[in-house]
Amino acid sequence: MINYIKKLVLFSLPLILIIIVELIIDPYNYFSEGKNEKLSRLKNEISQKDNPYLFKLIAYDRSPCSTIILGDSRIMGLKPSLFENYSKEKVANIAIGGGTIQDAIEIFNYVTTRHTIKQVFFGVSIETYSGTFLRNRAKPSLEIKNSFVRYLLNRYTFSSTYLICRSMIRKERIDLYRPPFAKEEFWKNQLISESRFLGSYSYPTNYYNELKKISEYCKEKNIKLAFIISPTHIELQEKINEFNLVKEYNRFKQDIESLGDVYDYNYPNILTETKNNFRDPYHHTDSVARIIVKEIYTKEFLYAKFTPNFTINGSK
Amino acid sequence: MAFTSLNFLIFFPLTALFYWLTPVKYRWATLLFASYFFYLNTKPVFALLLAGVTLTTYILTRIIDQTKLESKKRSILVLTVVSILLPLLFFKYFTVINNGILDLLEFYHLRWPLPEIKFLLPVGISFYTFMAIGYTLDVYNEEIEAEKNIGLLGLFISFFPLILSGPIERAKNMIPQFKAQKGVDYGMITQGLKLILWGYFMKLVVADRLGIYVDAVYNNISQHNGISLLLASIYYPFQIYADLGGYSLIAIGTAKILGFDVMQNFKRPFFATSMAEFWRRWHISLISWLTDYVYTPLSFYFRKYKIWGIVTALMITFLISGIWHGAALTFIIWGLMQGIFLSIEALTNKRKTLFEKKYNLSNKGWYILLGIILTFVLFTASQVFGRAANLKEAFQVYTRIFTDTHHLPYKDGQTMLYSAIGLAIIFITEFRDEFFPRRFLLFENKKLFIRWLSYYTVIFLILYLGVFGNEKFIYFQY
């Protein structure tokens, strides 16, 4: 029996060692917010990119705030500090690159069951408001977050710990998910990749129903619900015509207008026609982000097509 | 308490420890206590039902055992089977029957006294009911004596590795093992751990990963085109195999660690070259139960009709199998389809064998592959009824697979890639076991380094590619 137990312990040793290193590094600040500046920087550079939901949700739970921003990489560009300049309250941007509406719904449900929120900004687009854009990365991240055993035994903690250790030992900078192209080439590539979304577009009955539930919940709890359609470059907007989705695009806008306030920047105008306002066809620059946030708070609209939803309390 | 839950990972080692520490004579009592504790974790009130079924089975089978007069014995048998079946029929079919009557009478503007009622199906009821009935029939057929110790019978019916989704074991295999007084068998513990590891791989890496795609498509059929529906329909048989197959391996492994041998539930079903062979490899414990207690008596009863008697027995057996799976028209059609496939094979079997002999086909690779593909296609086609929520959706899937290709299919790169990796690993290992048994061994390799490396690889694949948080197994609903 002793021999058997010895063998079992020996077999488990590598796993135990990995867990010890993970506990020391704690790449997602699960156990505590690290005080080591260098380590914190590495966590921001590596863990936040490896599993942004896990990173952001742990941070949000540690210091929750009443305004949240949900959506994909486009809305992620609206930095909390820009909002805080106007609202004078802390704002959390829990949007992530490639985030789906399913992710946003999952996070909204999680946040509202644990914290009190006053305002939520949903970043939406025709690409994400699609019946075939169903990926759900928020749910597994929430499951990891809710159990320390899962936190220690999951691929994100493992890979982030490994990359952080590698960066520390080799003293190298690790840049995850950086496109391997120059701007022009990446631009073209992104335009081509739009077919991934629009080519498989179908009307998302499931999303509409779930967003409707959220809209009703917001009404009941007096939470301001606003949708932001981020600006994309005109070349990308033209793809909607190319894929014969004009009718679907209008239906998408009608749907979200029936659910909450809508700030629409995605139509042909000087802002979306200027290439310099974009890093790539999908993503606007920081200067555009400043304009968007300013318009939302001052209600002085130069570029946004603002459609208030009169059925929501406090939105008039 | 599901096998994939954290609770189980705490419960099981503690149970095993207590089990081995208990004096041999009372080990069954420890297991019985652990089994009820395990079951109480699902919904405590249902444990009363389990105890009720056990008590009924115990009393009535004891009476059967002591009755000499055949006609009286038969009457008690019928009473026992009906008594055991009643809870299953009530919980599984009451809602469907009641709503059916409600709809029918409403159509004629008549009133039905019972409103729409929904009952929660007690987890595992289909499995322990079949185990109890099997035990009763074995006692009636004098294959075993009625168990005098109600605790041992209770343990057989409630044994925690098997209660939620089988394998549907037989009393003649399990009760003698519960009675046997054995010491700790480290070989069996190691074997059990290996089975559990592979079971987790099948469930967490393959079944639950495929489930993401299948659920995304089948839960929103109208949003997806024909290619997505086809892909999801192809994925589903693999998902269900990895789900129940994985569950069964964990169950068998868990029992093995405690020192019990439980029957195999799957034997590389997707390498079957005919539907008859498929059903000898798929959900073996259910099919062998149906064969022993339904098909064989029926085919004996219909023997004067020769081949048509067999066809009738097949159709009835698989109709029962369909109804056992669920109280819905989709499952009835599913069962009938299996019956039809098997009947066609039974009717053409002689001619097929002659044809194979004439052209010496049975050993030809391409002919075996053709058989495998055809069997898979037939099973996959029938599984559309097993997965769709209702008949309308099932027919919609069939129609749209052939007509709706107007846009690109739904792609979830990560899910599809990880599923492909998991499926490839299962395919390679099963291909090896099917065609090169005892060769290229990994878990069973004589070299410690290779064994440990393969264990670690599987552990990391589970942690890296596994889908966690889904504590449901498909067969919990049956």
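1. A word on terms to start: axes are lines fitted to C-alpha atoms, for helices over the stretch in contact, and angles run from 0 to 180 degrees between N-to-C directions. Helices (H or I, at least four residues) and strands (E, at least two) are DSSP runs, numbered from the N terminus.

2. Please keep in mind that this is a predicted model, in which local features need pLDDT of at least 70, side-chain atom pairs count only at pLDDT 80 or more, and totals for chains, interfaces and linings use all residues. Residues are numbered from 1 along each chain as its sequence is written, while chains are lettered from A and ligands numbered from 1 in the order in which they are written.

3. Asp103(A), Glu106(A), Ile107(A) and Tyr110(A) of α6(A) meet Ala138(A), Lys139(A) and Leu142(A) of α7(A); residues are in contact if their C-beta atoms, placed from the backbone, lie within 7 Å. By class, this contact has 4 nonpolar, no polar and 3 charged residues. Here Ala, Val, Leu, Ile, Met, Phe, Trp, Tyr, Cys and Pro count as nonpolar, Asp, Glu, Lys and Arg as charged, and the others, Gly among them, as polar.

4. Next, look at helix α2 (residues 37-50) and helix α9 (residues 155-170) of chain A, whose axes come within 9 Å and cross at roughly 150 degrees. That angle makes α2(A) roughly antiparallel to α9(A) (the term applies over 145 degrees). Among the residues in the contact are Leu42(A) and Ile46(A) of α2(A), and Leu163(A) and Ile164(A) of α9(A). The contact divides into 5 nonpolar, 4 polar and 2 charged residues.

5. Chain A also meets chain B: 24 residues of chain A are in contact with 18 of chain B. On the chain A side, α7(A) gives the most, with 3 residues. That side divides into 10 nonpolar, 9 polar and 5 charged residues.

6. Finally, the sheet: 6 strands of chain A form an open sheet in the order β2-β1-β3-β4-β5-β6, with mixed pairing. Two strands pair if DSSP finds at least two bridges between them. The edge strands are β2 (91-93) and β6 (305-307) of chain A, and the twist averages 15 degrees from one strand to the next. Strands β3 (residues 119-123) and β4 (residues 224-229) of chain A pair in the parallel sense over 5 bridges; Val120(A) has Leu225(A) as its bridge partner in β4(A).

Conventions:
Parallel < 35°, antiparallel > 145°, perpendicular 65-115°, else oblique. Contact = placed C-beta atoms within 7 Å.
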